[in-house]
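Trainee: Could you walk me through a model, one feature at a time? I'd like to start with strands and how they pair.

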Amino acid sequence: MKRFLSLCLAAALFLALAGCASSEKQELKAALDEANGYTTVDYTMSDGTTLEQTVLYDKNGIVVTALGVEGATDDCYLTIRLENNTGSAVHLYSSSVQVNGWEASSSLWMDVSRNSMGRKRLNLYNYGEPDSIQLIRLDCELMDGDYNTIDTISAALETSAYTGALPDEELPGDVLYEGSGVTLTFGGIQQERYSSYAKLQFYVENTGKKSVTLESEAFRLCDDYEMDAFLYETVSAGAKKAFYIYIDQDDIYDLETDAYEYYDEDYEDTFDWTAFMPIDIDLTCYQGYSTLLFSTTVTIGTSDVELVDEDEAADWVDESNIDGDTDEADIAIAEEEPVEEDAANVMDDTDTAAAEEETDAAAAEEETAITGTEDVRTA
């Protein structure tokens, strides 16, 4: 009976693996077709903006291409293709993404196995409130299978909406600090109605020639209260950035009683954050990540609180995970994930020898197909 169940399980896993291999072959064919100038994807934004297909890197068998932009001005997607015609895996990582001079809370990570290719749709968001997507800047790093740096990529992509120069925008909000090429402003407080959950809106601009990092762990409220909050933001050279700090009543710490006085306190009305203002923040700024640029204390004075409904506040959870490992912008589209490795990990070696041979044969066919089409690839 056990052997029968084992055979049934092996058969089911084999069929799943065969299905994955078949699906991957279809996806690979779509990527190959696009590489050769045939695609069914309409890379056009809702306002008609387009981006000309652009080769960002082409050296030693590795080709990185920006295929186009889709979406809307407040929710734009940039699709990148990585062709790896080498004998080892290649990884592509974005260290900085900017839209119209604003740092985007987006990141790109691609893994492409040897003699293969993949595409990824990079979600661009949290870059101010533009009227159009004009200029996208990318700073990326290419790594080999052992995560050793192969090369770096820097590119400026001009869309069809680019006017030749970006508008000179002033940061919104009240200025908290200005000096050493750094300007920090406070844009206000938003708070969930009938709750204590809130977020502090900040904007920062770096006009210097090197990136800067803002850091703080000291948030002092009035009447000997502190707030358990954390600030750590890096801004690329010449860029602006919008960011939030999320707070709740559980974060309020009473220095006199040495306790979190408001922890789990019941209330029937909206929590009054203005009663704890002004807020002093001890701010440290580094050039890069380690060279001290300045240290200062900035103060958020009494500010009006904008109340938002529960549904809108629920979106803050997604915003707070923008740079996390589970960011939806980092979820690969079908063309880029080598599924045979994941499938093999859940199968027993004894029961799946035939399935693995089938997969190896399929992989060999895919490598042959890519090699045959390499010379006819179009930029």
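Mentor: Two strands count as paired if DSSP finds at least two bridges between them. Strands themselves are DSSP runs of E, at least two residues long, and helices are runs of H or I, at least four; both are numbered from the N terminus. Here β13 and strand β14 (residues 225-227) pair in the antiparallel sense over three bridges. Bear in mind that this is a predicted model, where local features need pLDDT of at least 70 and side-chain atom pairs count only at pLDDT 80 or more, while totals for chains, interfaces and linings use all residues. Residues are numbered from 1 along each chain as its sequence is written, and side-chain values use heavy atoms, with hydrogens and water left out.

Trainee: Which residue of β14 is the bridge partner of Leu221?

Mentor: Tyr225. Three residues sit between the strands of that hairpin, and Asp223 takes a positive phi near 60° there.

Trainee: Which strand does β13 pair with over seven bridges?

Mentor: Strand β18 (residues 279-287), again in the antiparallel sense. In that pairing, Asp282 of β18 stands opposite Ala218. Strand β13 (residues 212-221) also runs antiparallel to strand β15 (residues 231-235), joined by five bridges; there, Ser216 has Leu231 as its bridge partner.

Trainee: What does Asn100 touch?

Mentor: Contact means heavy atoms within 4.5 Å. Leaving out residues up to four places away in sequence, Asn100 touches Pro130, Ser132, Ile133, Gln134, Leu135 and Leu166. With Gln134, a polar atom of the Asn100 side chain lies 2.9 Å from the backbone nitrogen.

Trainee: And Trp109: where is that residue placed?

Mentor: In strand β6 (residues 109-112). Trp109 counts as partly exposed because its relative accessibility is 31%.

Trainee: Last one, the whole chain. How many helices and strands are there?

Mentor: Five helices and 20 strands. Of the chain's 379 residues, 45% count as buried. Among contacts between residues at least 6 apart in sequence, 65% join residues at least 24 apart.

Conventions: Buried means under 20% relative accessible area, exposed over 50%, partly exposed in between (1.4 Å probe, protein chains only). A polar contact is a pair of N or O atoms within 3.5 Å; within protein, one must be able to donate a hydrogen and the other to accept it, and residues adjacent in sequence count only if both atoms are side-chain atoms.
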